[in-house]
Amino acid sequence: MRISVTGCGYLGAVHAAAMAQLGHDVIGIDIDEAKIAALAVGRPPFYEPGLSDLLTESIASGRLRFTTDASQASEATVHFIAVGTPQTRDGNAADLRFVDAAVDALLPHLEPGHVVVGKSTVPVGTSAALAERIRPTGARLLWNPEFLREGYAVRDTVEPDRLVYGVETGDEASVAVLDEVYAHALEKGTPRMVTDLATAELVKVAANAYLATKISFINAMAEIAEATGADVTQLADALGYDNRIGRRFLNAGVGFGGGCLPKDIRAFTARADELGRSEALAFLKEVDAINLRRRRRVVDLATAELGGSVVGRKVAVLGVTFKPHSDDVRDSPALDVAVALKGLGANVVAADPRGVANARARHPQLEYAEETKDALRDADLVILVTEWPEYTGLDPVATRELVAQPIVIDGRNALDRDAWTAAGWRYRGMGRS
Ligand code: UDX
């Protein structure tokens with residue numbers, strides 16, 4: 001298939017490279033010249049495990065190219081839209097300007113028989129309006145939400161756990177086209193559901209709302225555990241043995257962040273408000289509030305552990321990305337904690353295996369250590385906020401030698417509490433006595 005992918009960020013760049021690897025001819029399009037220049041020579045503009053090799057191989061095969069020239073979409077017959085839908089600056093709704101611009105740029109190149117495939121996460125109802133705009137060209141629109149996780153994006157794209165095609169009634173021709181695009185996954189037995197446009201849009205936001213709710217549920221239990229002396233990690237283990245509940249996404253800690261979950265639940269509530277169904281999603285406001293309280297909890301714990309004030313005290317913040325195996329600092333709980341402590345007067349030194357450049361661009365006021373040990377040296381307090389293996393694997397005995405005071409806040413409940421305590425550390429977890 002001849003494919004164009006508009007938007008070459010975390011979603012589109014991986015999608016373009018993966019489609020080329022599967023044998024399609026792909027042109028990746030983005031307005032960001034620096035991003036395209038890097039991708040064109042096989043250099044990912046962000047960190048994603050496996051992407052560098054995938055790009056290099058796909059470019060060498062001659063099946064993958066990148067450009068800022070939107071008119072090159074005319075070479076393709078299947079057009080993916082993979083642009084971002086960030087939160088609007090002045091509210092909770094999704095900002096659809098990049099989706100609109102992508103469709104505007106495609107319109108002159110669409111012909112009967114072409115298929116436009118939306119992958120971006122959009123408020124329910126968006127694709128029906130886009131389909132109307134595309135209809136005069138003779139091309140058809142499908143909505144095919146993407147569920148990839150950062151850090152596992154390549155695997156999730158090549159081997160998705162399900163495929164959802166949202167189509168207009170009776171559009172079997174577009175279904176057949178997408179089946180050809182995803183022939184590899186379908187041959188492996190990947191479940192594929194054909195729905196209407198609205199259901200496909202909803203699947204994505206509902207999945208993210210559910211995951212966010214699960215995390216906030218266990219973090220709410222952490223609050224209760226903190227008030228009662230119970231242990232939330234044991235609670236999660238015991239709950240997780242119930243097959244109806246399951247253990248995944250029940251890790252209490254500093255909460256969820258990133259470019260998807262926080263903004264998607266906010267956009268979903270904004271859309272429910274527009275639909276006159278505010279009550280249906282009122283609970284998501286609580287999910288958001290619980291999540292943000294966890295960040296404050298870490299800051300409060302830090303203040304308490306340092307005797308009521310962090311002013312002038314050295315705090316080593318381990319991690320700035322929203323989760324490990326990514327360089328993404330968008331809405332990162334870790335970075336929020338670092339910034340809040342700095343604002344309170346602490347001498348914060350942050351470290352991260354991959355995220356320092358992005359964090360520094362957003363928060364140049366923070367001090368960043370190149371080496372973990374530079375952050376740890378003479379620290380009055382250590383806070384683990386992103387569970388990178390480099391940090392969860394720290395030796396508590398050797399680490400103790402570096403710091404001024406052996407106090408650790410485990411913002412992800414990811415350290416071996418017994419080992420750290422045995423090495424002489426004062427250990428504070430989240431929702432653990
Ligand atoms: C998420 C969805 O998983 C993915 O399907 C969707 O396409 C995009 O949004 P991602 O943002 O990459 O993917 O991260 P995910 O692995 O879902 O983690 C989200 C956040 O929740 C992270 O900050 C993570 O640290 C946090 N989390 C996750 C917890 O706090 N506890 C858990 O038990 C699990």
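**Briefing: chain, helix pair and selected residues**

Asp331 sits in the loop that links β9 (314-318) to α13 (333-343). The model described here is predicted. The protein chain contains 18 helices and 14 strands.

**Whole chain**

- The C-alpha trace of the protein chain spans about 70 × 50 × 40 Å along its principal axes.
- Of the 433 residues in the protein chain, 53% count as buried.
- Among contacts in the protein chain with a separation of 6 or more, 72% come from residues 24 or more positions apart.

**Helices α9 and α11**

- Two packed helices are described by the angle between their axes and the distance between the axes.
- For helix α9 (residues 197-228) and helix α11 (residues 261-274), the axes come within 9 Å and cross at roughly 115°.
- Because angles of 65 to 115 degrees count as roughly perpendicular, α9 is roughly perpendicular to α11.
- The crossing of α9 and α11 is left-handed.
- On the α9 side, the contact involves Leu202, Lys204, Val205, Ala206, Asn208, Ala209, Ala212 and Ile215; on the α11 side, Leu261, Asp264, Ile265 and Phe268 take part.
- Sorted by class, the contact of α9 with α11 has 9 nonpolar, 1 polar and 2 charged residues.

**Residues with positive phi**

- Asp331, in the loop between β9 and α13, has a positive phi of about 45° although this residue is not a glycine.
- Phe249 is not a glycine either, yet has a positive phi of about 65°.
- The position of Phe249 is in the loop between α10 and α11.
- Phe249 counts as partly exposed, at 35% relative accessibility.

**Asp25 in strand β2**

- Strand β2 (residues 25-29) contains Asp25.
- With a relative accessible area of 39%, Asp25 is partly exposed.
- Apart from neighbours within four places in sequence, Asp25 is in contact with Met1, Arg2, Ile3, Gly62 and Arg63.
- Asp25 and Arg65 are 40 residues apart along the chain, and their C-alpha atoms are separated by 8.6 Å.

**Val232 in helix α10**

- Val232 belongs to helix α10 (residues 232-240).
- Val232 has 1% relative accessibility and so counts as buried, the limit for that class being under 20%.
- Leaving out neighbours within four places in sequence, the contacts of Val232 are Ile218, Met221, Ala222, Ala225, Ala252, Asn413, Met430 and Gly431.
- Val232 and Ala73 are 159 residues apart along the chain, with 52 Å between their C-alpha atoms.

Key. Residues numbered from 1 in each chain as written. Predicted model: local features only at pLDDT ≥ 70, side-chain atom pairs only at ≥ 80, totals over all residues. Heavy atoms only, no water. Axes fitted to C-alpha atoms, helices over the stretch in contact; angles between N-to-C directions. Helix = DSSP H or I, 4+ residues; strand = E, 2+ residues; numbered from the N terminus. Parallel < 35°, antiparallel > 145°, perpendicular 65-115°, else oblique. Left-handed = near helix turned anticlockwise from the far one by under 90°. Contact = heavy atoms within 4.5 Å. Nonpolar A, V, L, I, M, F, W, Y, C, P; charged D, E, K, R; others polar. Buried < 20%, exposed > 50% of the residue type's maximum accessible area, 1.4 Å probe, protein only.
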